[in-house]
Amino acid sequence: MRRADLKEKIVQYGLTGVAGSSLLALAGIVFFLFMEGLPLFSHYSVFDFLFGTLWYPTEEPGLFGIFPLLAASLAVTAVSSLLAVPLGVLTAVYLTEIAHPGVRRIIKPFVELLAALPSVVLGFLGMVVLAPFIQEAFGVATGLNLLNASLVLALMSVPTICSVSEDALYSVPRDLREASLALGATRWQTTVRVVIPAALSGIGTAVMLGMSRAIGETMVVLMVAGGAGLIPTSLLDPVRPMPASIAAEMAEAPFRSDHYHALFAIGIVLFFLTLAFNLAAGHIAEKHRQAGSSSL
């Protein structure tokens, strides 16, 4: 018994150490992010940083207004979510409730394969395929714009939303479906009125995770968004989201300069936005958590 207890303690402490190392790594990243970003605000107003409309870091003194970059990030995330959420959730519903097992075995790997595609490949497709099509179809000066970035980001978010939503739908107990069908409900009514509401916590989490993926994506928006630091007024305007600015300018920013600290400050804003999405996902999951046999 003592040897068994010792082994159990070793496993317990080992797993605790692994979990603790993950937390320490996250804490170190956050600490470094704030350490490098906060010095900007010792002499630059937080209000001017968040709501200023001019981003000219090479001026003397530099202008670090990120409102156009913030607006671009939120616009790209919103439009891509409007496209990805219905597609991802409906795909998950089809795979779990409607598709024949043979069809599911064919479609499911393709959805997962889409998640495995590198973002640079999708960005390249956006540049080579989507950009010329948008430019010719809408008669605009460039096809690298908010619409292009939103379409590619939606394509990237669909696998995440679909996979998490599918797991949530599979977690709905079978007796709920059978009880609904026994009362005379059709299969579609059962899906809409019983299964989806029971899985709403997981579906809400999937949506928030998909939006977090979209707002933090770097390579796609760097390649296909157009790179213009302007407040978007239409879907066809070129934009420059915050991750694209960090990726494009970090290599050129002098070490520990105001420009350098401003880019890390953008990272802090992205951190809080992603944290907000994760908190919202947790709130949705808790608010819509079912009780009893439908607990997810």
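**Basis.** I worked from a predicted model, in which local features need pLDDT of at least 70, side-chain atom pairs count only at pLDDT 80 or more, and totals for chains, interfaces and linings use all residues. Residues are numbered from 1 along each chain as its sequence is written, and side-chain values use heavy atoms, with hydrogens and water left out.

**Entry 1: the two domains.** I noted that domain 1 covers 3–42 and domain 2 covers 46–294; the bounds come from an automatic or database domain assignment. Their C-alpha centres lie 28 Å apart. Ten residues of domain 1 and 14 residues of domain 2 take part in the contact, contact meaning heavy atoms within 4.5 Å.

**Entry 2: what lies between them.** I looked up the area that domain 1 and domain 2 bury between them and found about 1,000 Å², 82% of it on carbon and sulfur atoms. Buried area is the accessible area (1.4 Å probe) that two parts lose on being put together, summed over both. I then found one salt bridge between the domains, defined as a side-chain nitrogen of Lys or Arg within 4 Å of a carboxyl oxygen of Asp or Glu. On the side of domain 1 that touches domain 2, I recorded eight nonpolar residues, one polar and one charged; Ala, Val, Leu, Ile, Met, Phe, Trp, Tyr, Cys and Pro count as nonpolar, Asp, Glu, Lys and Arg as charged, and the others, Gly among them, as polar.

**Entry 3: Ser165.** I located Ser165 in helix H6 (residues 146–170); helices (H or I, at least four residues) are DSSP runs, numbered from the N terminus. Ser165 counts as buried because its relative accessibility is 0%, buried meaning under 20% relative accessible area (1.4 Å probe, protein chains only). Not counting residues up to four places away in sequence, Ser165 touches Val89, Ala92, Ile203 and Ala206.

**Entry 4: helix H11.** Why is helix H11 (residues 242–249) largely enclosed by the rest of the structure? Six of its eight residues are buried, among them Met242, Pro243 and Glu249. I also checked Ala244 in H11, which is buried at 3% relative accessibility. Ala244 touches Val221 and Leu222, leaving aside residues up to four places away in sequence.

How values were computed
Helices (H or I, at least four residues) and strands (E, at least two) are DSSP runs, numbered from the N terminus. Buried means under 20% relative accessible area, exposed over 50%, partly exposed in between (1.4 Å probe, protein chains only).
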